[in-house]
Number of protein chains: 2
Amino acid sequence: MRGFPEGGRPGAGEYPELQSELGPGREFDLIRSFLRRPAHPRPAGETLGPGDDCAVVIGERIAISCDMSVEGVHFRREWLSAEEIGWRATSAALSDLAAMAARPIGVLASCALPDGDAGEFAVRLMSGVRAAAERVGGGVLGGDLTRSPGPLVVDVTVIGEARSPVRRSGARAGDEVWVTGALGGSAYAVAALLENRRPLPEARVRFARPAPRTGEALWLLDRVALTSLIDISDGLAGDAGHIAAASGVAIVLDRSAIPVDPSLPADPDSSEERLRYAMAGGEDYELCLSAAPGAVAAVREAFESEFGIALTRVGEVEPGRGVFWGTSDGGRVPLAISGFQHFRESH
Amino acid sequence: MRGFPEGGRPGAGEYPELQSELGPGREFDLIRSFLRRPAHPRPAGETLGPGDDCAVVIGERIAISCDMSVEGVHFRREWLSAEEIGWRATSAALSDLAAMAARPIGVLASCALPDGDAGEFAVRLMSGVRAAAERVGGGVLGGDLTRSPGPLVVDVTVIGEARSPVRRSGARAGDEVWVTGALGGSAYAVAALLENRRPLPEARVRFARPAPRTGEALWLLDRVALTSLIDISDGLAGDAGHIAAASGVAIVLDRSAIPVDPSLPADPDSSEERLRYAMAGGEDYELCLSAAPGAVAAVREAFESEFGIALTRVGEVEPGRGVFWGTSDGGRVPLAISGFQHFRESH
C-alpha cells in the first residue's frame, strides 16, 4: 500500500520516464538492492519471486503477497472506522491476488495495537478483515496480535490459487492497454480529508472501502488472452510503468481516454488536476491489463453489464521503454507524472 | 512472538490451571472472541484454521503462519544488530512451521521503517531475513516496505509444505511428553539486557539468533508417530497448556526433568528462579511433542547425535484438563507458572 503524501496532493513528476524493472524511487531502490543479492539455495517451490504482484509457488499454483498499513502513513484514525481500517488493509492485499488473476483462499492479519485498541476496537477491525476476505470468497486463516508502543499497524498476507497467473511481463508491441473502473477517487478523498473537507460519499468509499477486482480478473481470465495484468495501487502512471519495465516495452497512453472518477468535482479543480489524481493517485485498486487488438473490445459490453463498472481502452503497447502520452500527430512525449513513493518527502 | 515483560522477569502465575483451548489471557480472549464469529462462506481450501500453529490449506498440503515483531515490545534496537532483528523475526515465524512439521518454502517480510532506517539498515535487516529463511531451505518470496512514524515493525509470513501436519490436538492419555533442547536461555538474556547486564554469549544467542527446529521436526516426523507437536514460544507452561487444551487432556510434568538452559548462571539465581525462566520464559523456539510410550526413547540417541541437542522426556499425558506438576506420591498439583501474555501489564 502506498501512503498519503504529506503535502496533500500527489506530486508532479520528478521522473520523466519510468525505465527500470520496478519503476523509480528510493523504496524501489531498496527492494532492488535487496533482491539483487542472489538466493542460495533457490527455494524448491518458487517459480516467480518478488517483483511481480505476488510470489507464485508450488508448481505455479499458489500466489501469495502481503501489504502493510500504518496509522499516520496510510490512514488516519479519525478518517476511518475500525471495520474500515481492517477492510481497507485486507482489500489492498487482496488486490495483489486480483492483479495475477488468482482466486483468493484466505488471509492472515497481523496487528500491532496501541494499548487502548486491544479490546472491542480490535474485534471490530478484525470483523472488517473477515468481511473483506469473505466478499471475495476467502476466509481468515490466522494472524498475530501484539502491542504497539506507537501507531496501529495492520499487515495482511493473502494466499490464493493461481490456475494460470498473469504476470506483468507479457505485454507486446501492438497490444492494447485497458483499465477497469474509474481512477482518482481514493486520492481525491485523501486530499479532501487532509484539508479537513468532506469528500463526496462516492469518493470517500473508494478510499475507505475499496473493492479489489477479484471477480473481474477471473472473469477476464476466462475470456481474454491477457498478456499482462497489474492492479493500480501506485497510480496508473507508476503501474503502467511496472508493466512497461517488466515487459521491455513502451506504453503510450491516450490522455483523453483516462477514466477519471466521476466523484471528483469538476470545479474548482482543473481538468489537469483531475487527470493528476487519476494518473498519480493510486489506491483505487482497479486493474490495468494488455491484450491483443480487439480481444477486450469483444467482451467489453458483457463485462460492463456483469460488473457495473467501465472497461476502458487507454492506450497501446509500442516498441521502446517507458510510459508516454500519445500526441495528436501520432508521436509520443514522456509522461511527467509519477506514482507516489514512500520516503520521497522525508528529509 | 511474545514480548519481553516490562518488569524484566517473567511473571509468576495468576493462572493456576490452563483450561481453555488457546490458554488464558486477554490476548487469547481477543482471538477467541474474533474466531467465534462464524466464517461465511467457509473458504474452499481451508482444512485447519486459526488456533493451531499454522493454518493448513489446499488439501492439507500448505501450511501458512505469520509473526509480528515490534521494537520496544519484542526487542530493543540497542540489543540487536539489524541482521539479528531480521533473523529473529523470521526464525520466530519459521518456528510455527516446525511446530507442524512442515517443510519451509519461503517467507514474506513486511517492514514499517522509521525514516532513518530506510537505507542500509533495511538492507541489512533483510539480509537477516534471507539468511534465516535459507538456513532452513526456504527463500524470500516477497514483502512490503513502508514508513513508520513510530517503532520498527517487522511482520514475517511463512509458507511451507505440510506433507502430514502434526496438530496440537492428538495427545492421548498414556502418551509421553518430550521437549527438544534446553529452555530459558532467551528469557534470561532479555532479563539481563533489561537490567543492563551482559548475558553470557550462549544465552544472548538464544535470544538474538534463535534456530527454529525445522530439521529436527522433519526428522522426528519420519521416525516417530507424533500425536501432538507445538513450538515453545510462550514458555513450556503455556505451550503445554495449548496441547492440553486442544487435545482435551491433562499434562503432568516432572519438575526435576525440565531441561534448564546451561547458560543460566547457577548463582545468584535460585533453582526456583531458573525453573521459572525455563517454564515461563518462552522464545527458545524448542519443540514440545507427545508420542506413545517408548516411541521417542527409541530414537533419542540418534536424534541427539544428529542435531547436537538434547531430547528430554518431561512428563506424560493423563486424563483430565490442564497442566500439572507431578508429586512424589504419584499425584499432581496445578502448575503455578503461566506464559507471558501481551497486554497483561498494561493498565
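Let's start with salt bridges. Over all chains, the structure holds 38 of them. Keep in mind that this is a predicted model.

Take one pair in chain B. The side chains of B:E83 and B:R124 meet in a salt bridge, with N to O at 3.2 Å. Where do B:E83 and B:R124 sit? B:E83 is in helix α2 of chain B, residues 82–98, and B:R124 is in helix α3 of chain B, residues 120–135. They are 41 residues apart, so to speak, a link between distant parts of the chain.

Next pair. B:R197 and B:E195 bring their side chains together in a salt bridge, 2.8 Å from N to O. B:R197 has 34% relative accessibility, so it counts as partly exposed. B:E195 is partly exposed as well, with a relative accessible area of 36%.

Now a third pair. B:R213 forms a salt bridge with B:E286. The closest N and O atoms are 2.7 Å apart. This pair also links distant parts of the chain, 73 residues apart. B:R213 lies in the loop between α5 (201–208) and α6 (214–223) of chain B. B:E286 lies in the loop between α8 (271–280) and β10 (287–291) of chain B. Buried or exposed, then, for B:R213? B:R213 counts as buried, because its relative accessibility is 9% and the cut-off for buried is under 20%. B:E286 is buried too, with a relative accessible area of 0%.

Over in chain A, salt bridges share partners. They join A:R206, A:R213, A:E216, A:D261 and A:E286 into one network.

Let's step back and look at chain A as a whole. Chain A has nine helices and 13 strands. How many of its residues are buried? Of the 347 residues in chain A, 64% are buried. The chain exposes about 11,600 Å². Carbon and sulfur atoms supply 50% of that area. Then there are the contacts. Take those in chain A between residues at least 6 apart in sequence. Of these, 83% join residues at least 24 apart.

On to helix packing. Two packed helices are described by the angle between their axes and the distance between the axes. In chain A, look at helix α4, residues 185–194, and helix α5, residues 201–208. They pack at an angle of about 105°, with their axes 7 Å apart. The two helices, α4(A) and α5(A), are therefore roughly perpendicular to each other. Which residues make the contact? From α4(A) come A:G185, A:S186, A:Y188, A:A189, A:V190 and A:L193. From α5(A) come A:A203, A:R204, A:R206 and A:F207. By class, the contact of α4(A) with α5(A) has six nonpolar, two polar and two charged residues.

α2(B) and α5(B) pack at an angle of about 65°, and their axes are 9 Å apart. On one side are B:E84, B:W87 and B:R88 of α2(B). They meet B:R204, B:F207 and B:A208 of α5(B). How does the contact of α2(B) with α5(B) divide by class? Three residues are nonpolar, none is polar and three are charged.

Back to chain A, for helix α8. This helix covers residues 271–280 and is mostly covered: seven of its 10 residues are buried. Which ones? The buried residues of α8(A) are A:R274, A:L275, A:R276, A:Y277, A:A278, A:M279 and A:A280. What covers them? The cover includes α4, α7 (236–247), β9 (250–253) and β12 (322–326) of chain A. After α8(A) comes A:G282, and its phi is positive, near 75°.

At 10% relative accessibility, A:P151 counts as buried. What is A:P151 in contact with, leaving aside its neighbours within four places in sequence? In chain A, the list holds A:V70, A:E71, A:A112 and A:P114. In chain B, the list holds B:P149, B:G150 and B:P151. Now find A:E161, 10 residues along the chain from A:P151. The C-alpha atoms of A:P151 and A:E161 are separated by 33 Å.

How values were computed
Residues are numbered from 1 along each chain as its sequence is written. Chains are lettered from A and ligands numbered from 1 in the order in which they are written. This is a predicted model: local features need pLDDT of at least 70, side-chain atom pairs count only at pLDDT 80 or more; totals for chains, interfaces and linings use all residues. Side-chain values use heavy atoms; hydrogens and water are left out. Helices (H or I, at least four residues) and strands (E, at least two) are DSSP runs, numbered from the N terminus. Buried means under 20% relative accessible area, exposed over 50%, partly exposed in between (1.4 Å probe, protein chains only). Contact means heavy atoms within 4.5 Å. Accessible areas come from the Shrake-Rupley method with a 1.4 Å probe; for residues, only the protein chains shown count as cover. Axes are lines fitted to C-alpha atoms, for helices over the stretch in contact, and angles run from 0 to 180 degrees between N-to-C directions. Angles under 35 degrees count as roughly parallel, over 145 as roughly antiparallel, 65 to 115 as roughly perpendicular and the rest as oblique. Ala, Val, Leu, Ile, Met, Phe, Trp, Tyr, Cys and Pro count as nonpolar, Asp, Glu, Lys and Arg as charged, and the others, Gly among them, as polar. A salt bridge is a side-chain nitrogen of Lys or Arg within 4 Å of a carboxyl oxygen of Asp or Glu.
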